[in-house]
Every structure is written in structure tokens, then in C-alpha cells.
Amino acid sequence: LTLTHIRSSSMTINVAVIGHVSAGKTALCGRLICEYGGDAKDSTTMTGKVSASNEMASALLRRLSISELAQPSQENWVCGLRLDRDALREAGAAEEDLPRTGENRLFTIIDSPGGDGHFRRVYDACAQADAALMIVSAVPGEVESCIDQVRRYATAALTAGIRSFVVAVSKMDEHRVGYSSNRFSEISGLIQTYFESRLKNTAFCVVPISSISNENITRAAPLRTKGKMPWFNGPSLVAALAAICPSDKRSGDEAARKPLRIAVQRCFRVYNVPEGALTEERIKNGGLDYGDAYSTVAVGRVEAGILRKGMRVVIGPNCVESEVLSIEQHYTPIDQAYPGDNVGFALKNIFPTEVKRGYIVGSSTNNPPRPAKTFVAQILVLNQPFEIAQGACYTMDIHAAHVGVRFLKLHSRLIGKDRTRDVKDIHPDPKFLRPTERGMVTLQPLKPVVLEENSTYYGLGRFSIRAGERMLACGVIKKVMYDDEPAAVLRQQSSYYEEERK
């Protein structure tokens, strides 16, 4: 299988690393750090230890010490890799995928846990990413026993808006595999069948790799002729990642012209003495205030608009106003952040309790974010044994937020094709939706949250519905109603699906 090479208009690629438990996700991230360096926490320590010798690198990878350093407490781990033209050319990247001379291409690697009970972490990683790097193990019995988990994570990535997948078949060096082409063909056929039948309209590529011996990760086919897998003529893993083209809906000029929206993933309180703060007058009066010595740093992905230094912003849903003091992208200071960038930005006079995961940052003068009261959505009930009834309450995962929602009204049951006029209302006002059925519904968040329409903000209008760790449905937001809108406008929401049919 080959991945179509499309010239990317963005030099930043956000990749979510997903896969079943013990698939080798973090070991692969550690290998990429060892080869190219990185700016993640403890990356300098890892690089120094692993670069001492190849034997030490293999020993560290086999003992999973990189996993222990890179993924503490089963949290999402983010690292930035900067690759120049020579590194990408060595990996076999196409000429149109190379950066300009003197520039680097930035890859943001977002690792996620693979065990049961971490679905929300996987969805958080996919919500920040432009593409998904799915890791499956080549060891006999491992992928077969976790195939349901692989499908669940692939569905979560598709729900978050990801349309580009790179599937890496890892652990090809295992003694029961022995770099076998037959085993790779068996797994790639299984993956291809699932993608073509369930995940339509997606671009995917399947490559065999070995994180221990660095097989087919950073070297192109002509440079690995003496390797362990000469039978594979496809792209290397890095070349497949370089060929990814981010969606214009989330990372192009169309998204940059919209009002600012940033989905906050985490928040920190850091010590910072501003330049010029220790003046002679302030030293005589007692030095720095607490607010001057410390600043709150929010980390998230720019979904739309342009974030600028010194910009006045509003943090929703609590509608707190602040000022952007500085912006950093992987520890590199920048003046502006564009759609698709994962950045950290310092906020003035804001405490960490006022900025939490799932909050939205927007401009104070151009359509600031507001908490939603109710919203109309079109949902698809997945193939699982449960029905969705009117009045039921579940958990909704949307961008970085995880909130409870109540199904206020089931307007209709739909048939036909999506994005066409063939969608028809076959049963108005149903009491429940069965598995594999679609319908128009009205939902109410059980706690304040900022929501946006999918047609306006692609990354903020897609959600999943789950009960515990079981994903029940997925959907897109068609209309959002706010608290500050008049009652006459709120009454129009009940008949919104009828306007959609017309």
C-alpha cells in the first residue's frame, strides 16, 4: 500500500500515536528522539544515555526505560521533532514534501496510553492531531486479542476529524516473527479490510518497523538494502509521516481568517520575573508582587484564527478576560501562532483555577467564546448492543472537554447518505435510536462548556458519546443555542431539523 504524496501548505504536522496495549508506541517515540533529538521533558537525558552505544540503546529500549521516562502516570506525552532537508531526504521523503533550504519541518508527536480505561486520553490526543500513527504488534496473538481495542481507537480518531492514518506493524524483530513477510501481509490485509469497509474516505499506509533495530523508520529503501526487510519496497515511517497533508479546514488559510479559538489541554503555574520588573522604586517598596513573579501558562492547539503576543483574550465558559504575555512552541519563543500549532502561552493576572482542560480561548473583540445552553446535532449510533433513549445521560468527549450531556429530544430517525440531499426523515419523534441508526437530536450539557458548529469550526464541532469506556455514538453539531439569546430564538431550535430537511 502506498500513501499519495500531496504537497503540504503547512510545515507543522501533529501526529497522535495510538494503538493497543503493549504495541510498542512509546518505544517508537523513544527511537525517534534518539535519532533526531527532541524537546520533550527528559529528552536530553534519554538522548545522552541512548547515544552512548547501539548496545545500550537496545538494552534501554528492551527494558522499557524510555517508556518510564516518557509516559509517567499514563498521561499524554508530547514531543517536538525538527527535521531538516537532509534528514527527510535520507528517510526517502518526496521532493515536494521537503522544507525550504535552511528551514526545518516540525513534527509534534502526541503519545497516548493504550490500556483499558484511557479512552479519554486517546481522544484528547486525536483532538490535537492532524493524522494518526496507529501501532499494531506483529507478535502472533497480540493484535488478534486486541482487535476490538484497535477498532475503537480508530473510530475515536475518525470522530475527532482525522482522515490520514499511518499504520506501523511493530516488533518485526521478535523471534516468533523473524521479519516475516507473510506475517506482515496477514496483518496488512486485516487492516486494509477494516479501513475499506468501515473507515471510508481515509488515506492510510501500512509499513513494517522495528524500534529496537531501527528498521524502516529513518532510512529509505536504497539505504536499507542490507537490512532485515529487503522484501518491503514501500516508504519508511518518517517518509510516510512527511507525506501527510493537514486539512485546510483546521490548518489552512480558511481557518486563519476565522475568529480565534484555542482548545486548552493543560495549564501550569510557572515562576517568571518579567523584564524590567525589579526597578529601584519597587525594590524599595518591597520587591515583586505574587502576580508579577508567577504567571499562568495554558497549553493547547490553535483551532482557528491567529494568536498574537499582547492580544486581549477571553477564556470560556467562565468568560474571564486576560492578556497574552508570551507564546512558545516547543520551548521556542514566537510572536504569532497559526491554526494547527500546539503552543503554550502565558496569561496575565490569571490563576490556574480559572483555566482548565476543555476551556476555549478566543479574542475579546471578535466573537468571544460563550457557554452553550443546548445544541442540535446529527448522531450515528455505533454497532454496539445498547440503544439511546430520550432523557438518557451519557459522557460527551468534544475537543479537550469531557462533560455529561442529556438527550432532551429525539427529533427524527434518518436514512440516506451523509452530505447529500438523500437524507430523509422516516420516523419523527422516536423514543429511542437503535444501533447503526442516525438521527437528529437536541442535547443539553450538564456543566458549562463552549461548543461550536461543525460547519464553522471543524475541530470543535465533532463529538463522541460514551458510557464508561464504551463508545456509543458519534456526531456533529448543527446548531448551538446560548444562554444570552432571547426566548424567541430558543424556541426555533425545536424546529431546526425541519429546516434542515427543507
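Modeller: Strand S11 (residues 320–329) and strand S14 run antiparallel and are joined by 4 bridges; two strands count as paired if DSSP finds at least two bridges between them. The model is a predicted one, in which local features need pLDDT of at least 70 and side-chain atom pairs count only at pLDDT 80 or more, whereas totals for chains, interfaces and linings use all residues. Residues are numbered from 1 along each chain as its sequence is written, and side-chain values use heavy atoms, with hydrogens and water left out. Strands (E, at least two residues), like helices (H or I, at least four), are DSSP runs numbered from the N terminus.

Within this pairing, Ile327 stands opposite Phe345 of S14.

The wider chain gives the setting. It has 16 helices and 24 strands, and 55% of its 502 residues are buried. Contact here means heavy atoms within 4.5 Å. Of the contacts between residues at least 6 apart in sequence, 75% join residues at least 24 apart.

In soluble globular proteins, nonpolar side chains tend to be buried together. A nonpolar core is a set of buried Ala, Val, Leu, Ile, Met, Phe, Trp, Tyr and Cys residues joined through side-chain atoms within 4.5 Å. The largest such core in this model has 74 residues, and Phe107, Leu133, Met134, Phe195 and Leu237 have the most contacts inside it. Apart from neighbours within four places in sequence, Met134 touches Ile18, Val150, Ala154, Phe165, Val166, Val167, Ala168 and Phe195. A second, separate core has 27 residues, among them Ala372, Ala377, Val449 and Tyr482.

The whole structure contains 8 aromatic pairs, where rings of Phe, Tyr and Trp (its six-membered ring) pair if their centres lie within 6.5 Å; planes under 30 degrees apart are stacked, over 60 edge-to-face, and the rest tilted. In one of the pairs, Phe165 and Phe195 have ring centres 5.2 Å apart and planes at 75°, so the arrangement is edge-to-face. Because Phe165 belongs to strand S5 (residues 164–170) and Phe195 to helix H9 (residues 181–197), this pair ties together parts 30 residues apart in sequence. Phe165 is buried, with a relative accessible area of 1%, and Phe195 is buried at 1%. Another edge-to-face pair is Phe375 with Phe463, at 5.9 Å centre to centre and 80° between the planes. That pair links distant parts of the chain, strand S16 (residues 372–381) holding Phe375 and strand S23 (residues 462–467) holding Phe463, 88 residues apart. Phe375 is buried at a relative accessible area of 0%, and Phe463 is buried at 0%. Ring pairs also link Phe165, Tyr194, Phe195 and Phe204 into a cluster.

Finally, the structure holds 0 disulfides, a disulfide being a pair of cysteine sulfur atoms within 2.5 Å. Cys34 is buried at 13% relative accessibility, whereas Cys319 is partly exposed at 46%.

Terms used:
Buried means under 20% relative accessible area, exposed over 50%, partly exposed in between (1.4 Å probe, protein chains only).
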